[in-house]
Amino acid sequence: MTDATVLDVSQDTRKSGRFLYVASVVFLCAWVIVPIYLLLINTLSSPEAVNSFPKSFIPEFDFGSLQFFAGFAGMLTALKNSVIVALMTMVMSIAIGAPAGYALSRFDFRGKELFRLLILLARAFPLPLLALPLAVMFIQTGLDDTAFGLALVHTTLAIPFAVLITFSLFSGIPIELEEAAWTLGCTRLTAFTKVVLPLILPGITASAIFAFVISWNEVFAAAVLTIENRTLTAFLLQNLDTSPLHLKFAGGFILVVPALIFIFAVRKYLFAMWGIANR
Amino acid sequence: MTLISKFAGAASAIALSCVAVAAQAEVLFWSTQAKPVEESQAMREQVLSGYTAGVDYQPNDGGPWITRLNAELQAGSGSIGLLGALHGDFSAMNPDDLVDLTDVGAMAKSATFNTLAKLGTDQMQYIPWMQASYIMAANKEALQYLPEGADIDALTYDQLIAWAAKVHEATGEAKFGFPAGPDGLKHRFFQGYLYPSYTNGVVRTFASDAAVTAWEKFAELWEHTNPASTNFSFMQEQLLSGDAWIVFDYTSRLAGAFNERPDDFVAFPAPAGPTGRGFMPVLAGVAIPRTAPDMEASMALVQYMLKPETQIATLRATNFFPVVDVALPDDLPASVQAAGAAIAKMSGAADANPGLLPAGLGDKGGDFNRVFVDTFERIILARQDIRTVLDDQKGKLAAIMTATGAPCWAPDAPSEGACPVE
Amino acid sequence: MNARVLPYVLILPVTLFLGLFFLYPFVLVAKQAFGSQEGWSLENFREVVDYWKFPISLRNTLLLAAAVVPVQLALALLMATMVSKMQKGRDLILYIWTIPLGISDLAAGIIWLAIFEQSGFLNSMLNGLGVIDKPVNFLTYQHPGVVFLAIALAEIWRATAIMLVILVAGIGLIPKEYYEAADVFGASKWKQFTRITLPMLRPSLQTALVLRVILAFEIFAVVAALGGTLFPVLMGETYAYQFDLLNSGAAAAMALIILGISIGFTLIILRILRVPKGASI
């Protein structure tokens, strides 16, 4: 009898716990999605509806604003440039940043603190102020107005993320694991590629996502450093604030979509194979 | 594995982009004007498509615009062929960085504009390109509340306040709209409208007793101003949404409302105060930086921009009016017709008190504007005592004037040397 | 390669890269902050600090960071734990929660202004529910608290995902045996969280916090969209010096002040969440 009551109570708490859990997941999803949905409504509304009050919460599927951008000269080239710059930024920041993240987590060396400070400084100073000397340098060296040149600048922004994220992930992997591999005949390199690398794939993915979206959303350097090879952000975003409302929303929406597709494509690598995924 | 193949894909993309770099001989038109996407589209397709040698029209925010330009000037070589910007942007530049355009063979009709374009030198630093002004606009629903005996085309500030108060009372909402947002042009209202209308000056009379009255009146108007005005920068948005019924802004930033719903709104002249109906122009110009890659092509484009047909096309595209003699066609957009009529009434009014753009301030133009913006924020938003604020800000204004040595401009009485703050 | 040279080889590319594309322009700009007509001076710093808006923008920036970052940390931790426990639909939920990552601060400002403005979505909803009969003006100088709240909400919405992604990647590395063992000993979920998750997650927590705090002091676009002229922040003042007043010396001085604050807070976080060299089992 008493046993049964205890069982009931624990089942009850589990049930209510379960309910709370599901409810919070749903709430948090709504919290993220609703503002995006509102952007979508305004994107798919006629200019009159965008300015009306009270606003409808169901889109009227007016494609006028999107059509305007479809006919906007240079959109596709700009889109291509944006993707190229973002991918280059991604590859460079990881290739350059990950080794440093490994060094920070595995070794004590002189100047380590100074090096960490340098990484953080690079993130804590506003790029628009650095753009002038950078642009002068680029014009003099011929890097000006190339996708590669802009990717170099974006990589500077993304590197602190790449270094610090890979650092924290490497730090989470027991060094004994690597040492075990060495005793089993692996060299430092093979131990790294066979044992450590698979473990930090989520970290690499996270760094890749950051690099991609940082580059994708960066306006200022892109506006200054590209002319013929404008990125979509430089091409659109900096002109949106002065544009009529309905185009503001549609343009904002167009800029969001490619970044969302990218995150969707790589999302599953965010989970560690070793931790929660495979066991 | 898939990640690695993605990296491979990216690497090939890099290779592709290196091949794709191709040289083009178009003139790069680097502009701060006609920025909204529709306007830049119209600039490219309707205004510049007629220029056969090819133009790459690129509108920018002020920040990237000046940064890129300075970088090219510092590097000593550049790709910008033609600059398009406001008078104030050019006056902040080093005169040596702009090519002398005296002999380009194109000029504005107005001698005043041509003198302004010399920027205190003896050569044309830029060529006036297009002009606009600040006007008032109202939702037609507001007209029923106009105070008795008030003529909308000859309003006084007192009548405007009474009107805004009546609308406030009737609707329960403060519906005067003022562009006091971060990108709003509020400082121009004080410099070109409020001060000239109440003090017949801007610099000399900055801290005068008449100026105290002017700020008291503005504070009264603020009581009936939409309190969200500190977020407003483009009054067409609030006209269209109905958040504001009576607004002040410059013609391009009102155009959207008139073009979208021409029958719902009216444009009318700025109000008058004790010393007349103060108003000021907006003047944009084109200039050639000394680093332009092909001077001849740039000069040819300047000439093209000043042609009557181009000027009319520009008017349609941007709502900026021509600076050369042209006969305006009848089929202009609603915004242009409304604004044009309001400006004509304003400048033709018996009590018109036209002011000029600040001149001779060099790179202190921003500091000059800040004096007025700070005065506004302290008096109106922070509710500090008017006299105290004016006496405090007066020192800052005087320092700017002495540092630059800028002489007075209309409506201030002319000065020998730097314009004094009295 | 021996262990004394190897770390230097590994950090060499980053050092060279940042030296060329960050340190070189940074030194040029920083020099301007200390320059004036008569050689080296602190004139620019004095100028920006004496400006009446400086204390206000400093206070606003710090208050906002203090309000936003802890909430984001808690929220990101909660979301990361929830998502790592999920059996089904984990990919999808995590994807949804990371959506704001792809949205630039300018676009986020546009979206949230559309919600809070007078004829915006929030008023439309309240109106539809019959709570109000005419739209309320939220973003005005009469309600500085509401303006602050709106900015904080928009920032929490926009930038929590940055921390979430880092924490999710880190949580995945915690061996499941620890939790299994804890279950055997009957430790509560909360105890497992504080005794296993938090300590094991320290490197990722440190990184997430440091990056987020630095970004918090650079906040600008969302504030400008929602706060207008009512809510000056340090970065906005910096841009005003650089691009409105064309005073690059003062702008550089402001940027260095922001840099100093960021580095100060970073060092505190690094001290509190010290990470040992490589984790041990």
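Biologist: What domains does the assignment give for chain A?
Modeller: The assignment for chain A in this predicted model gives domain 1 (2-65) and domain 2 (69-277).

Biologist: OK, what separates their centres?
Modeller: Going by C-alpha atoms, the centres of domain 1 and domain 2 of chain A are 31 Å apart.

Biologist: And how many residues are in contact between those two domains of chain A?
Modeller: Nine residues of domain 1 touch eight residues of domain 2, both in chain A.

Biologist: Which elements supply at least two residues on the domain 1 side?
Modeller: On the side of domain 1 that touches domain 2 in chain A, those are α1 (2-43) and α2. α1(A) gives the most to that side, with four residues.

Biologist: What about residue classes there?
Modeller: That side of domain 1 of chain A has four nonpolar and five polar residues, with no charged ones.

Biologist: Switching topic: how many residues does each chain put into the contact between A and B?
Modeller: Chain A puts in 34 residues and chain B puts in 39 residues.

Biologist: Which elements of chain A give two or more residues to that?
Modeller: On the side of chain A that touches chain B, they are α2 (47-51), α4 (75-106), α6 (127-141), α7 (147-172), α11 (220-225), α12 (232-240) and α13 (245-266).

Biologist: Which one gives the most?
Modeller: α6(A), with seven residues on the side of chain A facing chain B.

Biologist: And how do the residues on that side divide by class?
Modeller: On the side of chain A that touches chain B, you get 25 nonpolar, eight polar and one charged.

Methods:
Residues numbered from 1 in each chain as written. Chains lettered and ligands numbered in written order. Predicted model: local features only at pLDDT ≥ 70, side-chain atom pairs only at ≥ 80, totals over all residues. Contact = placed C-beta atoms within 7 Å. Nonpolar A, V, L, I, M, F, W, Y, C, P; charged D, E, K, R; others polar. Domains from an automatic or database assignment.
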